[in-house]
Amino acid sequence: MRAAVVTFPGANRDRDLVRAFRATGFSEVHLVWHADAELPPADVVGIPGGFSYGDYLRCGAIAARSPIMRAVADFANAGGYVLGVCNGFQILCEAGMLPGALVRNVGLRFICRPAALTVARGGTAFTAGLADGERIMISTAHGDGNYTADEDTLDRLEGEGRVLFRYVENPNGSVRDIAGITDASGRVLGLMPHPECHVDPRTGHTGGRTIFESLLQTVGRG
Amino acid sequence: MKVRVEVGLKQGVLDPEAVTIERSLLHLGFEGVSGLRKTRIFTFELATSDRAAAESQVRAMCEKLLVNPVIESYGFKVEE
């Protein structure tokens with residue numbers, strides 16, 4: 001299975017995402033430059049964490065308008081799977097591929113510590129190996145992870161089963177404790193904490209591993 | 001044309017930074033402060049003398065980049 005990870009200027013978790021895809025069985029993983037207009041053949045595209053364009057204007061705002069994001073939107077519309085982590089989640093929201101927005105953490109602090117997440121919906125493309133209500137431990141590292149959207153959007157997200165992960169203890173003020181949501185197709189996930197940090201037992205937790213393995217299983221099924 | 005765009009969080013979107021600034025003013029003894037908002041102002045020159053064209057261009061700039069309509073609202077002025 002093939003994955004492509006986009007590198008934006010200021011992204012610093014792109015290589016971690018590449019490593020996580022490789023460690024979980026993706027055989028071909030490519031890094032793609034943000035100025036490219038085309039993606040290499042891939043089953044999954046990863047939008048990494050970091051500080052694309054120094055978080056200028058709004059987190060993810062400039063990256064969302066880069067040439068490669070048009071290709072990523074086309075890829076998703078054509079049935080491809082997209083995983084956006086942290087800044088990647090912000091970029092997907094700014095690009096209009098996911099609803100809502102991520103704003104400054106309540107408390108204003110940059111939060112960098114492990115967070116327990118509840119799987120709000122198992123058995124999806126991203127949570128195939130997880131059950132409803134299961135808990136996983138994944139590190140957070142963000143200053144603007146406070147998810148917000150209007151009430152109608154939130155009701156729709158919940159009604160359609162598009163909230164996949166919630167914080168057990170809300171660290172940033174996100175509405176309804178939301179940590180990760182998908183688009184209407186269920187093929188685009190934005191997740192604030194970093195599953196790519198936790199695929200190797202040496203990092204203390206392997207809670208992120210199942211997300212990559214679920215994806216591998218999903219795209220392997222075709 | 002001189003353009004001035006002001007962008008701020010919509011009413012109802014919590015701005016923890018604004019809340020903190022307001023609280024800090026109150027702590028300093030400035031009584032009666034409420035509803036503090038923090039906005040961002042963009043100023044630039046636009047090479048056109050056609051006001052209507054300038055306004056529609058600025059509106060497009062706001063919608064495409066300067067503003068995130070999910071959380072922000074904006075206003076602008078165009079002057080000779």
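**Reading helix α4 and the sheet of chain A**

Reader: Which elements of chain A do the buried residues of α4(A) pack against?

Author: The buried residues of α4(A) pack against β3 (44–47), α2 (61–64), β4 (81–85), β5 (101–103) and β11 (188–191) of chain A. Keep in mind that this is a predicted model.

Reader: How many residues of helix α4 of chain A are buried?

Author: A residue counts as buried if 20 or more other C-beta atoms lie within 10 Å of its own. In helix α4 (residues 87–94) of chain A, 8 of its 8 residues are buried, and the helix is mostly covered. Among them are A:Phe89, A:Ile91 and A:Leu92, along with A:Asn87, A:Gln90 and A:Glu94. Just after α4(A) comes A:Gly96, with a positive phi of about 80°.

Reader: Which strands does α4(A) lie across?

Author: An angle between two elements is taken between their N-to-C directions. Here α4(A) lies across β3, β4 and β11 of chain A, and runs at about 120° to β4(A).

Reader: In what order do the 9 strands of the open sheet stand?

Author: Strands of a sheet pair through backbone hydrogen bonds, either parallel or antiparallel. In chain A the order is β2-β1-β3-β4-β11-β10-β9-β6-β7, and the pairing is mixed. Because β2 (28–33) and β7 (135–139) of chain A each have a single partner strand, they stand at the edges, and one side of each is left without a neighbour in the sheet. From one strand to the next, the twist averages 20°.

Reader: How many bridges join β3(A) to β4(A), and do the strands run parallel or antiparallel?

Author: There are 4 bridges between β3(A) and β4(A), and the strands run parallel. A:Gly46 has A:Leu83 as its bridge partner in β4(A).

Reader: In which sense do β4(A) and β11(A) pair?

Author: β4(A) and β11(A) pair in the parallel sense, over 4 bridges. In this pairing A:Gly84 stands opposite A:Gly190 in β11(A).

Reader: Which residues of β4(A) are on one side, and which on the other?

Author: A:Tyr81, A:Leu83 and A:Val85 are on one side of β4(A), with A:Val82 and A:Gly84 on the other. Both faces are covered, and 5 of the 5 residues of β4(A) are buried.

Reader: How many residues does the contact take from chain A and from chain B?

Author: The contact takes 13 residues from chain A and 8 residues from chain B. On the side of chain A that touches chain B there are 6 nonpolar, 3 polar and 4 charged residues.

Terms used: Residues numbered from 1 in each chain as written. Chains lettered and ligands numbered in written order. Predicted model: local features only at pLDDT ≥ 70, side-chain atom pairs only at ≥ 80, totals over all residues. Buried ≥ 20, exposed ≤ 12 C-beta atoms within 10 Å, placed from the backbone. Helix = DSSP H or I, 4+ residues; strand = E, 2+ residues; numbered from the N terminus. Contact = placed C-beta atoms within 7 Å. Pairing = 2+ DSSP bridges. Axes fitted to C-alpha atoms, helices over the stretch in contact; angles between N-to-C directions. Nonpolar A, V, L, I, M, F, W, Y, C, P; charged D, E, K, R; others polar.
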